[in-house]
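I have the notebook open and a few things to look up. The entries follow in the order I went through them.

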Amino acid sequence: KEKFIAQSKKLLYTIIKPDKAYIILDNLRYTHRVFGDFLLGKTIDSLIIGIICFIFMIILDMPYAILLAVIVGVTNIIPYFGPIIGAVPCAFLVLLVSPAKFLTFVIFIIILQQFDGNILGPKILGNNIGLQSFWVLFAIVVFGGLFGFAGMLFGVPLFAIIYSFINGVCSRRLAVCELPLSTDEYKKIDYIDPITNKPVYYKKIKKSSK
């Protein structure tokens, strides 16, 4: 692996200028980190959820405890929609076999997924993806619609890489133009003066109007 990486770097620096090669290598390192951290984190998270589910299935004397725990754990890998995808067939199976335990199972799954979404998941994954909740949901819907289950699974880290690449291009372009890099700064800016190429803020407009 190390030799292959070294050969790739050698080839890259042979055909591309060092400054451009650095940008490419930096993006490749980021891609490796995002995919690695996301997949490892979600695997550990889903494994823990599956074990917790199995333990409580045994305690609650649910039918097909192992099968239900495996389904819940595996589908939990998919952000947001995973718990729903796993819970629906499991709840239907419980309803067919033991209707009296159906409501108990549904309540337990809701509590389990709240625990995963608000406590366990953030502790394990942290903010490695670097995306807001809206963009995570957007990535799952778009890539899931295009590529199905694989798109729902890999869509989030893939979109995070695309988002980071676009953000990097914008930041470099803004730095060349000597414009603010922070997104929050543009909440205060009304427009960029085409003559001076400087931002004009809302407060300055109000003062000048007086």
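Where is I23 found? I find I23 in helix 2; helices here are DSSP runs of H or I with at least four residues, numbered from the N terminus. Before going on, I note that this is a predicted model, where local features need pLDDT of at least 70, side-chain atom pairs count only at pLDDT 80 or more, and totals for chains, interfaces and linings use all residues. Residues are numbered from 1 along each chain as its sequence is written, and side-chain values use heavy atoms, with hydrogens and water left out.

I looked up the cover on I23 and got a relative accessible area of 24%, so it is partly exposed. My cut-offs are under 20% relative accessible area for buried, over 50% for exposed, and partly exposed in between, with a 1.4 Å probe and protein chains only.

**Entry: salt bridges**

I counted five salt bridges, taking one as a side-chain nitrogen of Lys or Arg within 4 Å of a carboxyl oxygen of Asp or Glu. D45 turns up here too, paired with K42 at 3.7 Å between the closest N and O atoms. The two sit three residues apart in helix 2, which puts about one helical turn between them. Are K42 and D45 buried or exposed? K42 is buried at 7% relative accessible area, and D45 is buried at 1%.

Next I checked K101, which forms a salt bridge with D61, the closest N and O atoms being 3.4 Å apart. K101 is in the loop between helix 4 (82-97) and helix 5 (102-125), and D61 is in the loop between helix 2 and helix 3, so this pair ties together parts that are 40 residues apart in sequence. K101 is partly exposed at 24%, whereas D61 is exposed at 53%.

I also wrote down D184 and K187, whose side chains meet at 3.3 Å, N to O. D184 counts as partly exposed at 46%, and K187 as exposed at 63%.

**Entry: the loop between helix 2 and helix 3**

I went back to D61 for its backbone and found a positive phi of about 55°, although D61 is not a glycine. Y64 is in the loop between helix 2 and helix 3, and it has a positive phi of about 55° without being a glycine. I have Y64 down as partly exposed, with 49% relative accessible area.

**Entry: nonpolar patch**

Which element gives the most to the nonpolar patch? Helix 2 does, with seven residues. The patch consists of L47, I51, F54, I55, F56, I58, I59, I66, V70 and V74, with about 940 Å² of accessible area together. For the rule, I took residues with over 30% relative accessible area and no salt bridge, nonpolar side chains (Val, Leu, Ile, Met, Phe, Trp, Tyr) being joined within 5 Å and like charges within 9 Å. The areas come from the Shrake-Rupley method with a 1.4 Å probe, and for residues only the protein chains shown count as cover. Helix 2 (18-59) and helix 3 (65-75) each supply at least two of the patch residues. I picked out F54 in helix 2: it is partly exposed at 33%.

**Entry: T75**

T75 is in helix 3 and is buried, at 12% relative accessible area. I looked for what its side chain reaches: a polar atom there lies 2.7 Å from the backbone oxygen of I71, and the side chain also reaches the backbone oxygen of V72 at 3.4 Å.

**Entry: helix 1**

I tested helix 1 (residues 2-15) for span. At 1.5 Å a residue (times one less than the number of residues), its 14 residues should span 20 Å, and the end C-alpha atoms are 20 Å apart, which agrees. Of those 14 residues the number buried is one, so helix 1 lies largely in the open.

**Entry: aromatic pairs**

I got nine aromatic pairs. The rule takes rings of Phe, Tyr and Trp (its six-membered ring) with centres within 6.5 Å; planes under 30 degrees apart are stacked, over 60 edge-to-face, and the rest tilted. The ring centres of F134 and W135 are 5.0 Å apart with planes at 75°, so I logged that pair as edge-to-face. F134 is exposed at 53%, while W135 is partly exposed at 27%. Ring pairs link both into a cluster with F138, F159 and Y163.

Note on methods:
Polar contact = N/O pair within 3.5 Å; in protein donor to acceptor, adjacent residues only side chain to side chain.
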